[in-house]
Amino acid sequence: MVRSLHEGRFLALRERERWEYCERTNATGVVTIAALTPARELILTEQFRPPVRAAVFELPAGLAGDEPGTTEESLATAARRELEEETGFRALELVHVGRGPSSAGLTSELIDFFIAPKTERIGPGGGTAGENITVHLVPIAAMGDWIQARFEAGDLVDPKVLSGLWYLARCG
């Protein structure tokens with residue numbers, strides 16, 4: 001049995017079998033995209049995340065079905081839209097490669113993982129109104145050193161970046 005502990009605008013706090021967790025109430029899914037430029041650069045975003053009070057380097061990602069009238073939006077459509085909005089790149093090829101929990105001890109949220117091994121630049125990116133996203137293009141060959149340098153500088157790199165690299169190496 002699930003018990004509702006609190007409901008906010010976008011999230012709900014639930015309890016099941018004495019376990020408290022968070023649940024999204026405003027979306028039908030979550031997507032993330034590991035995408036490459038034609039020059040074999042990984043497309044990353046950087047934005048300030050209030051819960052951790054820091055900028056975080058991440059793969060492009062977002063919600064499906066979170067806007068009025070979009071509850072039927074497919075995950076692939078959401079992935080394409082988020083990639084374009086956040087980074088200014090269009091996926092010429094998009095492959096769904098897996099699904100997994102974002103933080104299994106904290107939330108019921110599942111993330112659908114896509115790769116876009118072929119893209120084209122169509123705009124500057126930066127996100128929608130209210131988002132302040134910086135786009136980074138990092139050569140795949142330099143990713144190990146780049147991630148290590150970010151860690152040494154005290155920056156936060158979302159671990160899904162590592163998953164994205166694995167998916168691209170395996171499937172892209």
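Predicted model: local features only at pLDDT ≥ 70, side-chain atom pairs only at ≥ 80, totals over all residues.
Student: Why is E120 called partly exposed?

Tutor: Because its relative accessible area is 32%, which lies between the limits of 20% and 50%, E120 belongs in the middle class.

Student: What makes E120 and R90 a salt bridge?

Tutor: The term requires a side-chain nitrogen of Lys or Arg within 4 Å of a carboxyl oxygen of Asp or Glu. In the pair E120 and R90 the closest N and O atoms are 3.3 Å apart, so the contact meets that limit. E120 lies in strand β9 and R90 in strand β8, so the bridge ties together parts that are 30 residues apart in sequence. R90, with a relative accessibility of 33%, counts as partly exposed.

Student: What does the salt bridge between E109 and R24 tie together?

Tutor: The side chains of E109 and R24 meet at 2.4 Å, N to O. E109 lies in the loop between β8 (89–101) and β9 (110–121), while R24 lies in strand β3 (residues 19–24), so this bridge joins parts that are 85 residues apart in sequence. Strands here are DSSP runs of E with at least two residues, helices are runs of H or I with at least four, and both are numbered from the N terminus.

Student: What makes R14 buried, and which side chains does its own side chain meet in polar contacts?

Tutor: R14, found in strand β2 (residues 11–16), has a relative accessible area of 13% and is therefore buried. A polar contact is a pair of N or O atoms within 3.5 Å; within protein, one must be able to donate a hydrogen and the other to accept it, and residues adjacent in sequence count only if both atoms are side-chain atoms. The side chain of R14 makes such a contact with that of S4 at 3.1 Å, and another with that of E7 at 2.8 Å.

Student: Why is F57 called buried, and which residues does it touch?

Tutor: F57 lies in strand β6 (residues 54–58), and its 7% relative accessibility makes it buried. Contact means heavy atoms within 4.5 Å, and F57 touches residues that include T45, H136, W146 and V161, not counting those up to four places away in sequence.

Student: How do you know that the buried residues of α2 lie on the same side?

Tutor: In helix α2 (residues 143–152), M143, W146 and I147 are buried. They cover an arc of only 95° around the axis, which puts them on the same side of α2; the arc is that of the directions from the helix axis to the C-beta atoms. On the other side, G144, D145 and E152 are exposed. The buried residues pack against β5 (41–49), β6, β10 (134–139) and α3 (160–171).

Student: Which residues of the largest nonpolar core touch the most other members?

Tutor: A nonpolar core is a set of buried Ala, Val, Leu, Ile, Met, Phe, Trp, Tyr and Cys residues joined through side-chain atoms within 4.5 Å. Of the 17 residues in the largest one, L42, L44, L59, M143, W146 and V161 touch the most other members. The elements that give two or more residues to this core are β5, β9, α2 and α3, and α3 gives the most, with four residues. A second, separate core of 13 residues includes A64, A79, A91 and A116.

How values were computed
Residues numbered from 1 in each chain as written. Heavy atoms only, no water. Buried < 20%, exposed > 50% of the residue type's maximum accessible area, 1.4 Å probe, protein only.
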